[in-house]
Amino acid sequence: MKAARLYDYDPEMNVQLKIEEVPAPTINGPDEVIVKVGAAGLCRTDLHIIEGVWKEVMDADGALLPYVMGHENAGWVEDVGSNVTSVKPGDAVICHPHRSCGICLNCRYGHDMYCDHGLFPGLGLDGGFAEYFITNESSVIKLNTNITPLEVAPMADAGITAYRAAKKAAGLVHPGSYVTVLGVGGLGHIAIQCLKNLCGARVIAIDREPGAQALAKDLGADLVLDGGSDLIEQVKEATGGGSDVVIDFVGELGVENICWKLLRQGGELIVVGYGGTIEVPTLELVINEIKIGGSLVGDYTELVELMELNADGLVKMHYTEYTLDDINTSIDDFKNRRFTGRGVIVP
Ligand SMILES: [Zn+2]
Ligand SMILES: [Zn+2]
């Protein structure tokens, strides 16, 4: 099969993925599912993998290279292991990015992302920038008949990550509250739609790119700001003292040390984007009683909920399509923000 493989890490991101013929995956375990990839979302995590941000935790000695990235996958079931009963060849599915075991205590509590034996295709083992990839039965969700894999592939990670953060925010606010979304890219534009469907809070969207600002307006953001130097004053003025919740989809490039300053007293920061280091004086935490926490992808059931919103037309992915042969162009376009929403690779 054709696949795009990473051969090197490079902080400057000058490496190109190689498009080449590799052996297609085969069923080795009774719970495994091979998916013919319909589409795979291109994620900032893929850029971070190339940059080597994950190298120390995942591949310190470089032994995993070369491998196939791509963890936002949807397609059609190609083959199944002997114990698989919930899907059959030909079914259109979206794949939760974590191959959870379904057996450990964390899985039984529904915390798929905390699975003791979880595997993450696309991070450390071959993923979906290929014609086929392998996962297991506990990760797949059958698509509603009105949905194609192409329309939803990035929902597998970008989508549920935004949904989980929006759902956390929705539980903290009420009509009249403010939720501020920093970064209107592949995740932020989904979060805006989720917030508008999950709660009555007003949504402030912040992004430097005019295209992203226009998308945020289209999707119903109540106020769109360009993230200029007076951002903190603008948000404090618009909200009467600060935002009740801030969701930071950037987490680096200096944004990580502005986002918590947008909170009102008692407010909560939900960190989703990563790469930077947050520095908050302890006095700020005490005086303003702000809370700071992270949000990690989402559970299988959260992806099911998101697919329901999608099937009903309430949350849609905005995407730009690239062929597998054009994957290096898509990476370059992503780095330089030449598209709004998500880049999607179609093998
Ligand atoms: Zn992702
Ligand atoms: Zn488990």
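Is Lys142 buried, partly exposed or exposed, and what is its relative accessible area? Lys142 is partly exposed, at 48%. Buried means under 20% relative accessible area, exposed over 50%, and partly exposed in between (1.4 Å probe, protein chains only).

## The model

This is a predicted model, where local features need pLDDT of at least 70, side-chain atom pairs count only at pLDDT 80 or more, and totals for chains, interfaces and linings use all residues. Residues are numbered from 1 along each chain as its sequence is written, chains are lettered from A and ligands numbered from 1 in the order in which they are written, and side-chain values use heavy atoms, without hydrogens and water.

## The zinc site

Four residues supply the protein donors of the zinc ion (ligand 1): Cys43 (SG), His71 (NE2), Glu72 (OE) and Asp157 (OD). They lie 1.8 to 2.3 Å from the ion. Donors are N, O and S atoms within 2.8 Å of the metal (3.2 Å for Na, K and Ca); water is not among the atoms, so sites may look incomplete. Along the chain, the donors follow the spacing C-x27-H-E-x84-D.

The angles between the 4 donor atoms run from 98 to 125 degrees, so the arrangement is tetrahedral. His71 is buried, at 3% relative accessible area. Glu72 is buried too, at 0%.

## Salt bridges

The structure holds 15 salt bridges. A salt bridge is a side-chain nitrogen of Lys or Arg within 4 Å of a carboxyl oxygen of Asp or Glu. Lys142 and Asp91 form one of them, at 3.8 Å from N to O. Lys142 sits in strand β8 (residues 140–142), while Asp91 sits in the loop between β5 (72–80) and β6 (92–95), 51 residues apart. Helices (H or I, at least four residues) and strands (E, at least two) are DSSP runs, numbered from the N terminus. Asp91 is buried, at 10% relative accessibility.

Asp332 pairs with Lys335, also at 3.8 Å between the closest N and O atoms. Both lie in helix α11 (residues 327–335), 3 residues apart, about one turn of the helix. A network of salt bridges links Asp332, Asp333, Lys335 and Arg338.

## Cysteines

The count of disulfides is 0. A disulfide is a pair of cysteine sulfur atoms within 2.5 Å. Cys95 is buried, at 2% relative accessible area.

Notes: Four donors count as tetrahedral if all angles lie between 85 and 135 degrees; four count as square planar and six as octahedral if opposite donors are over 155 degrees apart and all others between 65 and 115; anything else is irregular.
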